[in-house]
Amino acid sequence: MSQPLLNHSVSPNLSRTKSNSSNASLFTAAGIFSTITFSWVGPFLDVCKKRSLDLDDVPLLDDKDRASCVLPKLKAYLDEQSSSDQSKHPRNSSTGQYDAVTVLKLAKALVLSTWKLILVTAIFALVRTVASYVGPYLIEYFVEYLNGSQRSTNNGYLLILAFIVAQLLEGLSSRHLSFRSQQVGLRVRAALVAIIYQKGLTLSSKSRQSSSSGEMINIVSIDAECVSDFSSSMHEIWLLPVQVSLALYILYSALGMAAFAALAATILVMLANIPLGGIERNYREKLMDSKDARIMSTSELLRNMRILKLHGWEMMFLSKIMVLREEEMNWLKKYVYTSSMLGSVYFGAPAFVAVVTFGTCVILGIPLQSGKVLTAMATFRQLQEPIYHIPDAISTMVQSRVSLNRILSFLRLEELPNDIVLKLPRDSHTKLSIEVSNGCFSWDTSSLVPTISDVNLRIEQGMRVAICGAVGSGKSSLISCILGEIPKLSGEVQTYGNIAYVSQSPWIQSGKIVDNILFGKEMDKERYEMVIEACALKKDIESMPFGDQTVIGERGINLSGGQKQRLQIARALYHDADIFLFDDPFSAVDAHTGSYLLKECLLGFLASKTVVYVTHHVDFLPTADLILVMKDGRIVNAGKYTEILDSGKEFADLVDSHKDALSSLNTVEITNGTSGSTNLANDNSSSMICAGEEIDHDKSQLKEDIKREKGRVGLSVYWKYITMAYGGAFVPLIVLCHIVFQVLQICGNYWIAWATPISGEVKPPVSILKMINIYLALALISSLFLLMRSHFLVTAGCKTAVMLFDKMHQCIFRAPMSFFDSTPSGRILSRASNDQSAVDSRIFDLMGHLLFPNIELLGSIVLISQVAWPVFIIFIPTIIASLWYKQYYVDGARELQRLNGVQEAPLIQHIAETIAGTTIIRTFYKEGQFISSTNHLIDSLSRPTLCSTATMEWLSFRLDILSSIIFSFALTLLVTLPASVIDPKMAGLAVTYGLSLNVLQGWAILILCSLENRMVAVERILQYTTIPAEPPLKTEGNILNSHWPSKGDIELRDLSVRYAPQLPYVLKGLTCTFLGGMRTGIVGRTGSGKSTLIQSLFRIVDPNIGQVLTDGIDICTVGLYDLRTRLSIIPQDPVMFKGTVRGNLDPLGEYTDEQIWEALDSCHLGEEVRKNELKLDYAVTENGENWSIGQRQLVCLGRILLKKSKILVLDEATSSVDPTTDNMIQKTIRKQFDKSTVITVAHRITSVLDSDMVLVLDDGEYGI
């Protein structure tokens, strides 16, 4: 699914005009009757019956439900509360704007921003509560009426009317309460996600390092939704005293002073929740923290899966994920076991309250008669709902508080100060573009040694300023000073005019090439063509099947490093800025392309602009008006090329290193004679024009549409779920315990109704004490079975969650790279976070609750039919109608749930991309457009969610009507049938159960539909358990010895490779041999097949025709782990993982500290690491953000120095280091790998100078 990059800011009206009228906000346009009955959902359900849903089919949101509307309200209330504490707690510019906000204030702001809708839901909740107690109040009168010798039919009909009106009012208010509560929840979620996203755009570098992208994604996808879920139970707490008061009034009118015993028992049950609630909250906090750690680690590994595959590390890193998952499961089990204990206590609460109440009646001598007992029983049953829902409400409140704490912790993170740089408009009265006076800056403000110090710099308009220096000298940090991205300790920075920025690590969005270049600006065709030409992108775009409409995969996965960098430059050039900052953009391109970019971009297109560029290319320095030489965070030399050549040792060393390389080139040419010279010359003139920048054109429209199942969730999905844990052995035990529990409950109620006399004149069939004892015994036994059922259910559910998680992650990590190239990480993370959370704690709970209403509904039918058997006349067609409505509804509901899952992935992906590109977004002042884009994605997620709730209430309303028809028919029969055939006690018990018919039937359908909707999560996870796997990791048989490869010979035999059967070959019949110990350079233009050849050596792709032999063994017969761990590669994009220096150099823990220090010294990082007091335990932040790109490449070099493989591949391994460090690295490699086969893919001529052979690839073929 392709998403426009910055085109989500289109107005709602434009969106409406693109859709037909049925796609408007149907709810807003509905009339009164349609609103009351939810008939406005009908046209949408008609569409669902005809075809599978797309987002365009889903009704639009009302304007008040849009993120762009709810966010300003929340921010206004938060700002108001923040400003009220401003005088008491003044904050400096570097702290967060929400420092004064507490959890209570954040909750208050959320309530105030939606107070009108909350008030509406409160009214519905109150009406529902009052109406629900009308039935229990009338039961005593109804039993007395049936027991009367002279019955007035009119009085009977009045009682029926009162019962039915109350039931209809209860149902109607319940439906609108649920729908409006969901509306509140959606607004809360939209506001929270939007404010979290906006906060992410303002974070300082320190905050970005302390808060990983995985943590932010977790906060958005789980915590914001958790807070929004509280809307469904937000009235339960304050309604409890109302419900208890109503119950107390009814009980007092029936049982007198014994009602206060019922009140005391109810309060006792409530108080029992306090300690358990505290334990549950603690477990929830620990669970969310452990989930954060897992998601963060998973996100990091998914981004760097190619590196893991090349090194053969994927299974080892998977084991780390499994360790984090074990920690998460530890807290999850404690949490769900505690929750199940709470549920068990409260299901037994009505029986406990009944025993206490009736026991008090016996002690006080209050007579127990059928009418009074049934009224009490009905009241206890009515109290069961709040008693049952209170733990859920408290649990949800606990979860919401934990989530609000986590959200608030994020909102309180340090923001980037807005006073680091004084940004002024371009002024014709001054020649200045950039001025830094006495600048002192540090990434870590607590460090004693600043990152950049003593900077005094004046750059005038139109100047070209080059920054050079050794790795880690502070070049990129100086650029960050000008951008205002690094904390300022002292001094002043001023810029005049707009700034465009090209980062060292390319940041490319998923989407079309043209959208990446325009970056939200209007298309100016003439300027666009000029930019494309200046950035040497014209041929690349023309060679792509879809031109500039080609969709780029996540992080530009289907573009080469050079193409990504040139795309970045094009983005900067298209924005007509005054100042252009380039952070080493030429490192990823070859010398010829770099020279072209220098001439056409810096000297041509930007001739009148101020340009500051970091470079390691000495050839690019003479054209600069000013050269700044950096060392240890200071500018040690500044001036023109000729001025500082003799005055500065550091600059002279750089130039000398470059001259040494050139002299080496002359030596190579003389030694190799004409042949060698011809090869290199040919490479420069044609084959090298875009060397090293390969894209597989035929895969260029790489991003696949999101897979979405059609139709109902298959029975096989349910079967796999329930039989996964212990082969389904616990299922019959759970069902049996559940049936016994509910049958005993119904028997207890039947017993107490039978054992009490109809009036004071009638002798009871058994003694009151015996009645209570038997009732107590039945209650205790049923509670025991409930505890057993809960234990079995939680055990099986947790085991299933573990197995699904393990199976999905095993399949994901064993998937081929083609899967990760075409699947955005957001889709995978959506399954690993939200879907897995549903499996962890929600689905097994729903399955357990599935039996509750169905068994009780069956019991109610049996009781009613026992008293008035003709009810079956209307009951059977009513049930048929209910099932028809359910089936009519479920098709659309299921598709909406799937659509909801589909819409979540683009939002997560967009957030992840934004986190990575925050600096660029801020520099180009695109925050507003990205916020609009996010709001659009939030609304796209809210639409199917709200529509799903509306369809659910549409169904429930109709089921309520059908239940009322059954109940009214039964009541009419009881009133009209002769008194001789009616047992008033059993009739009263039947009415007691009949009062709950609409609730039970609605509950049964609700759970059934909710379960099917939630099972989509299992379905989506199971999709990823069938991903085709790579070949085996281990070699079968004994064809390998422990020293393979011992020679390092590589032979290509008629090697032909393509990426799919329908695509053309990328490599075409290559046949050549790389002898062991030889050094081979590989060069070639874009699409020539260099990257494919390297991937073939590591079996990232397997040959379609031909063979690759290493030491005479066909690598296709070698296990992937055995192959990849015995080869070494330094990739073009250096990768470091969050952890320590030791963990990054030696992920498998195979080497001693002495060996690691030796490797660090050899790659010239030893001194840098020793500076830190933690030494090898020096912390590495996410993506290695606290290390420069060059330092990261040196760490990658350190890894292969430790490994000392016989075959080494260098994929532009020194592109981000200065010439001096490059020379040292080349010498180190020559020394350490003098007997190894070294294959070098390079842009710098110097990197392939000492090669024994240069392989020039052209369109998948070669020339040597």
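Predicted model: local features only at pLDDT ≥ 70, side-chain atom pairs only at ≥ 80, totals over all residues.

Leaving aside its neighbours within four places in sequence, which residues is H910 in contact with?

A: A word on ground rules before the tour. Residues are numbered from 1 along each chain as its sequence is written, and side-chain values use heavy atoms, with hydrogens and water left out.Now to your histidine. Skipping neighbours within four places in sequence, H910 is in contact with Y197, F930, S933, T934 and L937, where contact means heavy atoms within 4.5 Å. With Y197 there is also a polar contact of 3.2 Å between the two side chains. That term stands for a pair of N or O atoms within 3.5 Å; within protein, one must be able to donate a hydrogen and the other to accept it, and residues adjacent in sequence count only if both atoms are side-chain atoms. H910 itself sits in helix α33, residues 872-916. Helices here are DSSP runs of H or I with at least four residues, strands are E runs of at least two, and both are numbered from the N terminus. H910 counts as buried because its relative accessibility is 6%; the cut-offs are under 20% relative accessible area for buried, over 50% for exposed, and partly exposed in between, with a 1.4 Å probe and protein chains only.

Not counting residues up to four places away in sequence, G171 touches D960 and N998. G171 and S964 are 793 residues apart in sequence, yet their C-alpha atoms are 9.4 Å apart in space.

Next comes helix α35, residues 927-976, whose axis comes within 10 Å of that of helix α8 (residues 134-147), the two crossing at roughly 35 degrees. Axes are lines fitted to C-alpha atoms, for helices over the stretch in contact, and angles run from 0 to 180 degrees between N-to-C directions. On the α8 side the meeting residues are F142, Y145 and L146, and on the α35 side they are L971, L974 and V975. Sorted by type, the residues of this contact are six nonpolar, no polar and no charged. For that sorting, Ala, Val, Leu, Ile, Met, Phe, Trp, Tyr, Cys and Pro are nonpolar, Asp, Glu, Lys and Arg are charged, and the others, Gly among them, are polar.

As for F580, its contacts beyond four places in sequence include A500, L606, K609 and T610.

Then there's the backbone. Most residues other than glycine have a negative phi, and most peptide bonds are trans. D584 has a positive phi of about 50 degrees although it is not a glycine. D584 is in the loop between β9 (579-583) and α24 (591-605), and it counts as buried because its relative accessibility is 1%. H1164 also isn't a glycine, and has a positive phi of about 65 degrees. Its loop runs between α41 (1153-1162) and α42 (1166-1170), and at 33% relative accessibility H1164 counts as partly exposed. In helix α42 you'll find G1166, which is buried at 2% relative accessibility and, leaving aside neighbours within four places in sequence, in contact with W1157, L1160 and D1161. For the peptide bonds, a cis one joins W1044 and P1045, with omega about -5 degrees; P1045 is in the loop between α37 (997-1023) and β13 (1050-1057).

What about cysteines? The structure holds zero disulfides, a disulfide being a pair of cysteine sulfur atoms within 2.5 Å. C69 is partly exposed at 24% relative accessibility, whereas C798 is buried at 3% relative accessible area.

And the whole thing, in brief: the protein has 44 helices and 24 strands, and buried residues make up 61% of its 1264 residues. Among contacts between residues at least 6 apart in sequence, 85% join residues at least 24 apart.
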